[in-house]
Amino acid sequence: NAGVTQTPKFRVLKTGQSMTLLCAQDMNHEYMYWYRQDPGMGLRLIHYSVGEGTTAKGEVPDGYNVSRLKKQNFLLGLESAAPSQTSVYFCASSQPGQNYEQYFGPGTRLTVT
Amino acid sequence: ELKVEQNPLFLSMQEGKNYTIYCNYSTTSDRLYWYRQDPGKSLESLFVLLSNGAVKQEGRLMASLDTKARLSTLHITAAVHDLSATYFCAVLFYYNTDKLIFGTGTRLQVFP
């Protein structure tokens, strides 16, 4: 039981490049989330999903897109990376009715130069 | 506006001492979570507080929730170096989506 996993762990992009971050969970959770964490700050919600095929915007969605084609996977895309998107990205999942507790992945450290 | 504020933001304390971290939030909720984060690591769930007056304890840490005052506290008893980490509180405001709003974190350093 791996819990929540994220791929890749580190990535360096040049401004304007695109990439996709993959989040996978094996707990059969309905809800999944993407957060970013910047130095000295808490986590801020980018996008989330309350079920397969659904997505919604969080606090800071601009410059990102997401997809949830399979229940266990939640993809975060950057179409044209900007230095302001340099951050650590965390994925999380939760199951309604289980104390609403979110389980976090190990994070992806992204640097945009 | 939905806000979650923690204080202090940084805490340096000697081993053996006691201290309290405060988490205030701006609007009604009775779901509050405490997480620990070590440098370069992910978030580890410490406590889940689900009602007014909830109190939970694990080792040297004790968390409580007062929903009327919109306040949660994380109390540290007889601190040890291993407790050095950043502690976040997070509040559930959106019951139909489980969305959390995080505080900015309290960075705790415990020295001999």
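1. A polar contact is a pair of N or O atoms within 3.5 Å, where, within protein, one atom must be able to donate a hydrogen and the other to accept it, and where residues adjacent in sequence count only if both atoms are side-chain atoms. This model is predicted, and local features need pLDDT of at least 70, side-chain atom pairs count only at pLDDT 80 or more, while totals for chains, interfaces and linings use all residues. Residues are numbered from 1 along each chain as its sequence is written, and side-chain values use heavy atoms, with hydrogens and water left out.

2. D38(A) sits in the loop between strand 4 (31–37) and strand 5 (43–49) of chain A, strands being DSSP runs of E with at least two residues, numbered from the N terminus. Its side chain makes polar contacts with the side chain of R36(A) at 2.9 Å and with that of R44(A) at 2.7 Å.

3. Is D38(A) buried or exposed? D38(A) counts as buried because its relative accessibility is 10%, given that buried means under 20% relative accessible area, exposed over 50% and partly exposed in between (1.4 Å probe, protein chains only).

4. Most residues other than glycine have a negative phi, and most peptide bonds are trans. The bond joining T7(A) and P8(A), however, is cis, with omega about -5°, and the bond from N7(B) to P8(B) is also cis, with omega near 0°.

5. Phi is positive in N28(A), near 60°, and in A78(B), about 50°. A78(B) lies in the loop between strand 8 (71–76) and strand 9 (85–94) of chain B.

Conventions:
Chains are lettered from A and ligands numbered from 1 in the order in which they are written. Helices (H or I, at least four residues) and strands (E, at least two) are DSSP runs, numbered from the N terminus.
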